[in-house]
Every structure is written in C-alpha cells, then in structure tokens.
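Please look over the sequence and the 3D structure below before reading on.

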Amino acid sequence: MFDVIVIGVGGHGSSSIYHLAKNGLNVLGIEQFEQIHNNGSSHGLSRIISLTTRVHPTYVPLIRRSFELWRELEVEYNKQILYMTGCIYIGSEDSPIFKDCVEIAIEHDLEHEIMDASEIMNKFPGFNLPSHFYGIFTKEGGFITPEESIKAHTKLASNYGATINYNEEVLSWEDKESHIEVISDKNIYKCKKLVITAGAWNTEMFNIPNSPLSVQRQVVGWFPSEDKNIFKKENFPVWILDGGTNEGYGFPEYGFDGMKFGIFNDTDENVDPNTYSKDINSEDIKLLTDFTKYFAKTNEGENFSTCLFTNTPDGHWILDKHPDSENCIIVSCCSGHGFKFAPIIGEIVTELCQKDSSSYDTELFKISRFKN
Ligand SMILES: Cc1cc2nc3c(=O)[nH]c(=O)nc-3n(C[C@H](O)[C@H](O)[C@H](O)COP(=O)(O)OP(=O)(O)OC[C@H]3O[C@@H](n4cnc5c(N)ncnc54)[C@H](O)[C@@H]3O)c2cc1C
C-alpha cells in the first residue's frame, strides 16, 4: 500500500510528488503520457512569475514562499529554472490590470515602480504603447521554465524514493474507507491518500456532479523583431497588458527567436483535452498579430502552439479535500495563473496529506463555494 498516489505528473503533480517524498512518504505518481509532453498545460518553455499580482491578496504569501522554494529547487537540482527579468503590468490608468495590481502592491508593501508610457518605452524599447498607458513594474518578477521544473521535481522526487510510472492512464478510483483503490490501464493500486492533479482532465478524475471546471484552448507564438536586441532577457521584462478588447502577456526571448506572446482567450468554450485541435488556424494568427502590432515592435509571428487552461467560474483555484472522500485531495490550480505557485502547491498538498490542514490560508480555494 502506498502512503500517497498522485494522479497526473505535470506541473503540480511533479511538485506534489517531490514534497511528499522529501517528507518521507511512500509515493506513486501515475502519468498517462511521457514525462514531458504538449497535451496539457505545462509546456511552452516559459511561465510568468511576479511578486506583484492583480488576482487576490490570498496569493501574496503563497508567491513569497514560491520564490524561496524555486530558489531552493535550483540549488538542489543544480540548474537554472527561474530567470529574473522584472515584470510589468500595463494598461490605461483605469484598467483593472493596472489598478488592481497597484492596490495590492501598496496594501502589501510589495516593491514596485509606477511608470508612464514613455518611461516604459525608454526602459524597454521593445514596447510600442499608446501615450495614455501606465505600467506597474517590479524587479521581483521573471519567468520559470515549466519543462525544467517538471524534470527537476521528478528527478529529485525519485532520489527521495518516489515511484513514477509514465504512459499509464488512471481509469478510476474508489474510496473503500480502509484505503483508496486506484485502477489504471495497467494495474490496481492501494493508497492511504489520493492526490488528483490531472489538469485539464480533472473533471473526469474528480468525478463530481456539475463540475465547475471548463477547459480552454490557448495559443502562443514567438514574434521576432528587426532589432535583435530589444527582446533579449537583459532588455525586456515579462508583461501582462490590458489592450481594451483583449488582455495579452509576453516574455523576453527564450528558446526561439523573438518575444513569446499570448492572449488570454477568455471565451465560454469547454474543449475536450483528448480531442481539441492543436492545429493553428488563420484566426489564431490574426488575433495575436493584431495585438502585437499595436503594443510591441514585432515582425510576423512563428512557432505557434496550443496549450490548455482549466478554469473555474471565479478564476480562483480548487485546492481542497474531495467532497465525498476525506482522503482525497483535489488540485485544480490553473485559471491561467498556476504555474508560478507549483512548489507551494506541492508543500500545501503535503501538509493536507500529513496533517489534514494547511498552515496557509486556503479558504479561497474550497470547492464548496460552487453550489450545485
Ligand atoms: C498558454 C498558457 C500560458 C500560461 N501562462 C502562465 C504564466 O505565465 N504563469 C503562471 O503561473 N501560469 C501560467 N499558466 C497556467 C499554468 O501553466 C497551469 O496552471 C499549470 O501548468 C497547471 O498544471 P497542472 O499540473 O494542473 O496541469 P498539467 O501540467 O497539464 O498536468 C496534468 C497531468 O495530468 C495527467 N493526467 C490527466 N489525467 C490523467 C489520468 N487519468 N491518468 C494519468 N495521468 C493523467 C496529464 O497527462 C498531465 O500531464 C499558463 C497556462 C497556459 C496553457
């Protein structure tokens, strides 16, 4: 019997397995694909991390701890995972992106600098902004490489004794009261605690009536520029920008030529993670190209790819016990802003498995807020 089985070894499953194994638990992780794949939510070479947030004050202590844990992970893994470039939230003076971020930064005494459009463009010549735009910049921001994070967490977890099975699909699980039974396409396992970090497949694995989760297809691409220097890490931050009709986000050059860029595709769609289209169509390209041409000095985009958001109706996570099983922890920490918190999510999951409660405030993440 395993102490804990973790279903899904992506961004959050891998960090959970690492923290559980490091704390002495006998853990099995089961992943339906290879260690690194492009079917879920944790690929594409970079994810924004920033001390300033516009989302909710609950995330402030979590991001502080995440920065510490990312740095500890880099030391233990002996490889860079976190690149500090600074982060800027941009919009008109009354845009929620800008306003909310300033409010939270002031309230929580987070290091920040307010800049107008010309100051932003002087400091970061890659931008091309309307004159009425403002930005809130923090040096305490940058990006994490999701693939390296998964490799680091799984490698170190294995060193601590965790077992990780790839190319094995969990079909179902059942709380038998004395233990939980997990049935995969290869085996039947028993565990004392079950952790579900199945990302875009969470609806299926949580098996809760009227699931509040929906899965959205997102597209990103790389946009080079005439001036090869303007998007280099030394000259360009990570950013989130309210363009009026759309919100976009971007990264300095890493992996491919140019700025990586995406738009929050905020629609009511709910795609099936097993069948959604990974093909890039002309509408995808037009949406991204139209946005960049207004706000950044880019040429045509290239290297487009898709990825999945798993959203809740209020944009906050689910990190809680399963409503029908005390011994099952359900983790759906996406809504487009979950990767940066991977290490603290692993730490909280471990607390919930070991002590039944967390030392962090997780009230915001309760599943009971969604009424059936
Ligand atoms: C385009 C894009 C941009 C983003 N940008 C940012 C950002 O800048 N900053 C940020 O913090 N966050 C960002 N996010 C969000 C972040 O990437 C996600 O919150 C995070 O990757 C979610 O990790 P996860 O572990 O829930 O999902 P995943 O990493 O997808 O892991 C779930 C795993 O479970 C496996 N699985 C599912 N079902 C089964 C089963 N039955 N049996 C076995 N295995 C199973 C899947 O194969 C998968 O590997 C972004 C997301 C996208 C898509």
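Is Pro-57 buried, partly exposed or exposed? Pro-57 is partly exposed, because its relative accessible area is 29%, where buried means under 20%, exposed over 50% and partly exposed in between, computed with a 1.4 Å probe on protein chains only. The model is a predicted one, in which local features need pLDDT of at least 70 and side-chain atom pairs count only at pLDDT 80 or more, while totals for chains, interfaces and linings use all residues. Residues are numbered from 1 along each chain as its sequence is written, and side-chain values use heavy atoms, with hydrogens and water left out.

**Around Pro-57**
- Pro-57 lies in the loop between β3 (47-50) and α2, where helices (H or I, at least four residues) and strands (E, at least two) are DSSP runs numbered from the N terminus.
- Not counting residues up to four places away in sequence, Pro-57 touches Ile-104 and His-108, a contact being heavy atoms within 4.5 Å.
- Pro-57 and Glu-204 are 147 residues apart in sequence, and their C-alpha atoms are 30 Å apart in space.

**The sheet**
- Eight strands form an open sheet with mixed pairing, in the order β6-β7-β5-β14-β15-β16-β13-β17, and two strands count as paired if DSSP finds at least two bridges between them.
- Because β6 (113-116) and β17 (302-311) stand at the edges with a single partner strand each, one side of each is left without a neighbour in the sheet.
- Neighbouring strands of this sheet are turned by 20° against each other on average, direction ignored, with axes fitted as lines to C-alpha atoms (for helices over the stretch in contact) and angles running from 0 to 180 degrees between N-to-C directions.
- Strand β5 (residues 87-92) pairs with strand β14 (residues 238-242) in the parallel sense over 4 bridges, and Tyr-89 stands opposite Ile-240 in β14.
- Helix α7 (residues 282-295) packs on the sheet, where the strands it touches include β7 (133-138) and β13 (214-223), and its direction makes about 55° with that of β13.

**Aromatic pairs**
- The structure holds 30 aromatic pairs, in which rings of Phe, Tyr and Trp (its six-membered ring) have centres within 6.5 Å, and planes under 30 degrees apart count as stacked, over 60 as edge-to-face and the rest as tilted.
- Phe-127 and Trp-239 form an edge-to-face pair, at 5.9 Å centre to centre and 75° between the planes, and both residues are buried.
- The ring centres of Phe-291 and Phe-295 are 4.8 Å apart and their planes are at 55°, so this pair is tilted.

**The domains**
- The chain is divided into domain 1 (2-43 + 146-208 + 315-369) and domain 2 (87-138 + 214-311), with bounds that come from an automatic or database domain assignment.
- The C-alpha centres of domain 1 and domain 2 lie 30 Å apart, and the contact takes 13 residues from domain 1 and 12 residues from domain 2.
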